[in-house]
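Good morning, and thank you for making time for this presentation. I would ask you to keep the sequence and the structure in view while I speak.

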Amino acid sequence: MTLMKTLLAAALAATLPLGAVAQDFPDDTVTVVIPFTPGGSNDTIGRYLAENLAKHWDSTVVVENKPGAGSAIGSAYVANAEPNGYTLLFVSATFTTNAATQPNLPFDPVEDLQPIGMGAVGQFVAVAGNHVEAENLADLIETAKSRKVFYGTTGVGSSTHFAGALLADVAGIEMEPVHYPGGTDALLDIAGGRLDMYVGSVPQVLSSVQAGTVKPLAVTSETRSKALPDVPTVVEEGLEEAVFDIWWGVFTASGTPPEVVEKINAGINAVMTTPEAEAFLAKQGAMPRAMSVEAFTDHVHAEIAKWRKLATQHDIRVK
Amino acid sequence: MLANLMIGFDAALSLQNVLYALMGCTLGTLIGILPGLGPLATISMLLPFTYGIDPLGALIMLAGIYYGAAYGGSTTAILVNLPGETSSVVTIIDGYQMARRGRAGVAIATAAIASFSAGCVGTIVVAAFAAPLATVAYRFGAAEYFSLMVVGLIGAVSLSSGSIPKAIGMILVGVILGCVGTDLNSGTLRFTFGQPHLWEGLEFIVLAVGVFAFGEIIQTLTSGETQHQDVIPADHLMPSRRDFRRMTPSIMRGTAIGSMVGVLPGAGLSIASFFSYALEKKVSRHRAEMGSGAIEGVAGPEAANNAAAQTAFIPTLSLGIPGSPTMALMLGAMVMHNIQPGPRVMTSNPDLFWGLIVSMLIGNLMLVILNLPLVGLWVRLLKIPYRALFPAILLFCCMGVYAAQFSTFDIMLAAGFGLAGFLFKKLDCDPAPMILGFVLGPMLEENFRRALVLSEGDFSVFVREPISATFLALAVLILVLSALPRGRQRRSLIAEE
């Protein structure tokens with residue numbers, strides 16, 4: 001499918017005088033659409049990227065917030081924009097989870113949008129309450145075999161829901177999701193002994209771990225977290241398949257000339273991997289991870305396929 | 001309690017937060033003085049503009065508007081014989097009489113002194129009450145929250161005027177509006193009519209600005225209450241030693257009554273003033289003069305309504321149950337800033353909670369400074385015609401609604417709600433229970449279902465947990481009481497808030 005699409009785009013591209021287009025890009029204002037309200041990590045990181053792309057290209061890059069429908073309104077806007085690379089979407093990993101749970105999206109997340117590059121990644125960590133008889137993942141799996149384990153989520157189809165469901169799926173255990181309006185509420189219920197565990201972002205969970213109200217079991221990433229250096233990863237615990245990282249990436253409308261896409265990708269990779277960018281991202285609990293267009297496209301499409309499968313198995317969907 | 005107040009001073013005394021308090025108090029005084037523009041509409045209007053500032057700053061400013069309006073309202077009552085706010089209706093009786101006898105300045109000073117001392121005592125009462133409530137915070141799970149919300153919603157019936165069926169109807173309208181969007185527990189889209197703009201639900205701001213701000217503008221324009229009256233000049237502010245001796249006991253009684261009434265869910269500022277006035281008429285040594293310009297008639301009610309304005313924050317902040325529509329808006333503001341109201345607020349956001357309480361002390365001091373020397377300036381505001389005022393308000397509202405979601409769709413929605421708000425007034429349906437239903441309804445459902453998921457479907461969890469069982473029993477009690485004839489009388493007074 002991906003190959004077909006790339007070929008199709010290439011074929012389309014061949015019919016246009018492209019060399020010149022890519023060389024001059026950008027000779028006009030580039031708009032970065034953020035499909036969320038101002039404030040929050042997606043907006044903060046997106047604005048940083050836009051600001052630095054502008055310096056990098058010596059061009060004007062403006063940010064436009066188009067919130068609504070859990071990122072679908074902004075995404076649809078970019079999907080329907082002129083495919084010339086001047087309208088970009090900066091969105092988090094909710095893009096792939098939404099693609100798996102929302103059947104009525106006003107755009108096709110695979111066909112209508114061209115992934116360009118990864119802006120940054122962030123890590124998740126699995127934590128359990130002090131009342132849970134588990135010091136690590138192996139203990140938790142044992143516990144889950146003897147009694148029902150409840151894990152908190154921040155809503156049906158949220159990243160935290162998928163992270164928890166994935167962990168249960170890979171570990172081969174049954175866990176029951178309990179939905180909360182926010183991660184803080186879930187953490188408070190864990191501290192109060194009413195909820196067993198939660199898989200959430202490191203910055204969100206950190207203060208509870210430090211206060212000792214929850215205990216960290218494993219970081220769901222390939223590498224350990226700098227903020228929690230003593231906590232093992234799921235890979236170390238033998239559950240490679242349970243790796244769950246959140247990311248922020250850039251997309252544009254399908255049919256955009258590949259040279260332009262490559263040029264934007266190079267720009268993103270250049271500005272998001274500087275020591276300054278690394279320091280900025282660390283403050284947001286994130287880190288840089290440069291990816292080629294192909295690698296990012298594969299990553300996004302593989303994730304959508306993976307979440308669609310998991311969503312069907314665990315009945316995670318918006319009706 | 002002292003350590004907690006220190007946390008509060010730390011948070012509230014930052015330059016930024018002092019400025020927010022000043023802005024809130026100034027604005028509160030302003031709208032308090034202007035009849036036809038109340039704190040409810042003003043807070044709705046300003047909600048969207050608090051998005052950009054941190055939650056504490058936002059709440060400090062909104063709270064400042066709330067109690068600042070109570071100050072400003074009395075100035076209008078004394079000088080123009082019009083209640084700037086409903087809470088100052090009682091102040092008119094003796095305040096205007098004092099003004100007619102050339103003692104306008106003294107009356108205003110008395111109102112300010114009474115308000116200030118009562119506000120300070122009220123703040124201390126809040127601090128003292130809040131700490132014991134904090135200790136039960138961790139024991140509040142889904143079942144406890146559910147039962148608490150039940151008490152809140154049933155209490156909302158007692159907030160409303162007119163018939164109980166109408167109030168219940170308005171709550172249900174609010175609950176239905178609150179259901180719009182994606183259901184947290186099942187991911188089901190409700191009442192979205194294929195409109196992606198509605199997937200995330202209705203914005204609180206859209207509803208509040210529509211029903212209160214737009215609704216009030218339409219109401220004022222159609223009722224013709226836009227003419228202003230003559231203003232009695234106020235000079236010579238300083239009360240004499242004899243005045244001080246006479247007002248002191250009244251202030252103390254008013255403060256005590258106000259502090260108690262404020263805590264009751266469903267009671268409001270005007271109830272506190274009425275109670276205090278009634279008490280003064282019974283026990284004051286100068287009761288014979290009441291009604292013809294007695295200083296007690298200003299000092300008592302003014303102390304009462306300010307003490308109540310402070311203590312009304314106890315149920316709102318610590319239990320998440322608002323005592324009045326204005327408090328429901330404050331609650332909405334907290335939810336908007338991702339702060340879940342309830343006993344956990346004190347442990348999860350101590351600087352927010354104590355910062356807000358301490359800011360009220362600072363705010364009360366500012367109000368005295370704002371009100372006494374600047375009284376002449378404020379009064380001049382009464383000369384601005386409404387036809388010049390309302391287009392500005394309207395524009396301001398639209399900007400605010402748009403800023404929340406960058407969506408023109410929301411402005412259209414708010415306009416629709418404005419019309420609905422006007423109709424509700426015409427049909428004599430109080431919109432306050434609707435706002436409560438909107439805020440509390442979704443929380444009620446969420447906690448109900450969460451409690452059942454965690455108990456694996458066992459319904460007895462709601463009566464097995466002692467705290468939850470107590471709340472449910474309380475809810476039944478309120479239902480029984482409000483069905484009695486005396487409860488009905490009380491409700492019609494409260495509705496004036």
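Let me begin with a question: does I34(A) count as buried or exposed? Before I answer, please note that this is a predicted model. I34(A) has 27 C-beta neighbours inside 10 Å, and it therefore counts as buried; the cut-off for that class is 20 or more. The residue sits in strand 1 of chain A, which covers residues 30-34. Leaving aside residues up to four places away in sequence, I34(A) touches N42(A), D43(A), G46(A), V63(A), N65(A), G74(A) and F90(A).

I turn now to the contact between the chains. Chain A contributes 30 residues and chain B contributes 24 residues. On the side of chain A that touches chain B, the elements giving two or more residues are helix 4 (72-79), strand 6 (175-179) and helix 8 (183-191) of chain A. Which of these gives the most? It is helix 8 of chain A, with five residues. Sorted by class, this side of chain A holds twelve nonpolar, eleven polar and seven charged residues.

Of its 497 residues, 57% count as buried. Among contacts in chain B with a separation of 6 or more, 79% are between residues 24 or more positions apart.

I218(B) lies in helix 8 of chain B, residues 204-223. How many other C-beta atoms lie within 10 Å of I218(B)? There are 18, so I218(B) is partly exposed. Not counting residues up to four places away in sequence, I218(B) touches G418(B) and F422(B). The C-alpha atoms of I218(B) and G418(B) are separated by 8.0 Å, although the two residues are 200 apart along the chain.

Both of those partners belong to helix 18 of chain B, where G418(B) and F422(B) are among the residues that meet helix 8 of chain B. The axes of helix 8 and helix 18 of chain B are 7 Å apart, at an angle of about 55°. The two helices are therefore oblique to each other, and their crossing is right-handed. From helix 8 of chain B the contact includes V206(B), L207(B), F212(B), F214(B) and Q219(B); from helix 18 of chain B it includes D410(B), L413(B), F417(B) and K425(B). By class, the residues of this contact divide into 13 nonpolar, six polar and two charged.

Just after the helix, D428(B) takes a positive phi of about 65°.

A second pair for comparison is helix 7 (residues 164-179) and helix 19 (residues 432-454) of chain B. Their axes come within 7 Å and cross at roughly 45°, which means that helix 7 of chain B is oblique to helix 19 of chain B. The crossing is right-handed. Among the residues that meet here are M170(B), L172(B), V175(B) and L177(B) in helix 7 of chain B, and P433(B), M434(B), F438(B) and P442(B) in helix 19 of chain B. This contact has 14 nonpolar, four polar and no charged residues.

The last pair is helix 3 (residues 39-46) and helix 4 (residues 55-80) of chain B. Which way do they run? They pack at an angle of about 165°, with axes 10 Å apart, and helix 3 of chain B is therefore roughly antiparallel to helix 4 of chain B. P39(B), T42(B), I43(B) and L46(B) of helix 3 of chain B make the contact with L62(B), I65(B), Y66(B) and A69(B) of helix 4 of chain B. Seven of these residues are nonpolar, one is polar and none is charged. The crossing of helix 3 and helix 4 of chain B is right-handed.

Methods. Residues are numbered from 1 along each chain as its sequence is written. Chains are lettered from A and ligands numbered from 1 in the order in which they are written. This is a predicted model: local features need pLDDT of at least 70, side-chain atom pairs count only at pLDDT 80 or more; totals for chains, interfaces and linings use all residues. Two residues are in contact if their C-beta atoms, placed from the backbone, lie within 7 Å. Helices (H or I, at least four residues) and strands (E, at least two) are DSSP runs, numbered from the N terminus. Ala, Val, Leu, Ile, Met, Phe, Trp, Tyr, Cys and Pro count as nonpolar, Asp, Glu, Lys and Arg as charged, and the others, Gly among them, as polar. Axes are lines fitted to C-alpha atoms, for helices over the stretch in contact, and angles run from 0 to 180 degrees between N-to-C directions. Angles under 35 degrees count as roughly parallel, over 145 as roughly antiparallel, 65 to 115 as roughly perpendicular and the rest as oblique. A crossing is left-handed if the near helix is turned anticlockwise from the far one by less than a right angle, and right-handed if clockwise. A residue is buried if 20 or more other C-beta atoms lie within 10 Å of its own, exposed if 12 or fewer, and partly exposed in between; C-beta atoms are placed from the backbone.
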